[in-house]
Amino acid sequence: ASEAAFFPSIGLTGSVGSNGSDIGDLFLASASLWSLGAQFAETLIDFGARKAKVKEARAAYDQTVAQYRQTALTAFQQTEDALVASRVLATVSTERAGGADASRRAAELAFNQYLAGQIDYTQVVTTQAASLSAEQARISAIASQQAAAVSLIQAIGGSWPATS
C-alpha cells in the first residue's frame, strides 16, 4: 500500500444534467448536458514522504518477522531444555531409587544385627536415618521429574483443563 502511493491515481467520472434558461426548456433534449472525463491526481513534490512511508512499512514488517523468529527460537529452546531435563531427571530418579533400596536393605540388616546382639542401637538409628534421607532424595527426584514433564507440556504448547 505504501508503494502504491508512487503511482498516479486515476478516476473516471461522469455526470448528467439539464440546462435551460426557461423552465419549459429544461426537459428538451437540446438542454441535456453530458460529461465524461478522467481525473488524474499526482503529487509531484512530497519531499520524500512516500519513500519514508515505504521504509516505515518495511521496518514494521522486519520487526514483526524478527519477533516471530524470536518467539519460535524461544519455544524451541524451552522444548529442548525440558526434554534434556526430563532425560537427566529420569536417570537421577532411577539412581536414587537404587540408592534408597540399598539403604533400606542396609537398615534392615543393621536391625537384624542389633537383634542378634552384634551391634548397638545407635548404629541402627544411624542407618535408618541414612535410609530416610535416601528415600527423601528419591521422592525429590520424582517430583523434579514430574515438574520437568509439566514444563515440557507447556513448552510444546499443551495445556490441561482447569478443574472446577
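A salt bridge is a side-chain nitrogen of Lys or Arg within 4 Å of a carboxyl oxygen of Asp or Glu. The exercises below use this term. The model is predicted.

**Exercise 1. Work out which elements the protein holds and in what order they run.**

Step 1. Take the elements. The protein has two helices and two strands.

Step 2. From the N terminus on, they run β-β-α-α.

Step 3. Place the helices. Helix α1 covers residues 49-116. Helix α2 covers 121-155.

Step 4. Look at the whole protein. Buried residues make up 13% of its 164 residues. The accessible surface comes to about 12,800 Å², and 60% of that belongs to carbon and sulfur atoms.

Step 5. Look at the contacts. Of those with a separation of 6 or more, 60% are accounted for by residues 24 or more positions apart.

**Exercise 2. Check the span of α2 against its number of residues.**

Step 1. Helix α2 has 35 residues.

Step 2. The expected span is 1.5 Å times one less than the number of residues. For α2 this gives 51 Å.

Step 3. Go just past the helix. There Gly157 takes a positive phi of about 90°.

**Exercise 3. Find what the buried residues of α2 pack against.**

Step 1. List the residues. The buried residues of α2 are Val124, Ser131, Ala134, Glu135, Ala141, Ala148, Leu152 and Ala155.

Step 2. Find their partner. These buried residues pack against α1.

Step 3. Go to Ser93, which lies in helix α1. Its relative accessibility is 10%. Buried means under 20%, so Ser93 counts as buried.

Step 4. Find the contacts of Ser93. Leaving out residues up to four places away in sequence, Ser93 touches Ala141, Ile142 and Gln145.

Step 5. Do likewise for Ser86, also placed in helix α1. Ser86 is buried, with a relative accessible area of 19%. Leaving out residues up to four places away in sequence, Ser86 touches Ala148 and Ala149.

**Exercise 4. Trace the network of salt bridges that links Asp101, Arg104, Glu135 and Arg138.**

Step 1. Side chains of opposite charge can pair when their charged atoms come close.

Step 2. Count. The structure holds three salt bridges.

Step 3. Start in α1. Arg104 forms a salt bridge with Asp101, and the closest N and O atoms are 2.9 Å apart. Both residues lie in helix α1, three residues apart, about one turn of the helix. Arg104 is partly exposed at 36% relative accessibility. Asp101 is partly exposed too, at 33%.

Step 4. Cross over. The side chains of Arg104 and Glu135 meet in a salt bridge of 3.2 Å, N to O. Arg104 lies in helix α1 and Glu135 in helix α2, so this pair ties together parts that are 31 residues apart in sequence.

Step 5. Go on along α2. Glu135 forms a salt bridge with Arg138, with the closest N and O atoms 2.4 Å apart. Glu135 and Arg138 are three residues apart in helix α2, about one turn of the helix. Arg138 counts as partly exposed, at 22% relative accessibility.

Step 6. Join the steps. Asp101, Arg104, Glu135 and Arg138 form one linked network of salt bridges.

**Exercise 5. Classify the aromatic pairs and see which residues they link into a cluster.**

Step 1. Count. The structure holds two aromatic pairs.

Step 2. Take Phe111 and Tyr114. Their ring centres are 6.5 Å apart and their planes stand at 35°, so the pair is tilted. Both lie in helix α1, three residues apart, and are separated by about one helical turn.

Step 3. Take Tyr114 and Tyr121. Their ring centres are 5.0 Å apart and their planes stand at 65°. Planes over 60 degrees apart count as edge-to-face, so this pair is edge-to-face.

Step 4. Link them. Ring pairs join Phe111, Tyr114 and Tyr121 into a cluster.

**Exercise 6. Find which residues form the nonpolar surface patch and which helix gives the most to it.**

Step 1. The patch consists of Phe111, Tyr114, Leu115, Tyr121 and Val125. Together they have about 460 Å² of accessible area.

Step 2. Phe111 is partly exposed at 35%, Tyr114 at 33%, and Tyr121 at 39%. Val125, in helix α2, is partly exposed at 39%.

Step 3. Assign the helices. Both α1 and α2 supply at least two residues each. Helix α1 gives the most, with three residues.

Conventions: Residues are numbered from 1 along each chain as its sequence is written. This is a predicted model: local features need pLDDT of at least 70, side-chain atom pairs count only at pLDDT 80 or more; totals for chains, interfaces and linings use all residues. Side-chain values use heavy atoms; hydrogens and water are left out. Helices (H or I, at least four residues) and strands (E, at least two) are DSSP runs, numbered from the N terminus. Buried means under 20% relative accessible area, exposed over 50%, partly exposed in between (1.4 Å probe, protein chains only). Contact means heavy atoms within 4.5 Å. Patches are made of residues with over 30% relative accessible area and no salt bridge: like charges are joined within 9 Å, nonpolar side chains (Val, Leu, Ile, Met, Phe, Trp, Tyr) within 5 Å. Accessible areas come from the Shrake-Rupley method with a 1.4 Å probe; for residues, only the protein chains shown count as cover. Rings of Phe, Tyr and Trp (its six-membered ring) pair if their centres lie within 6.5 Å; planes under 30 degrees apart count as stacked, over 60 as edge-to-face and the rest as tilted.
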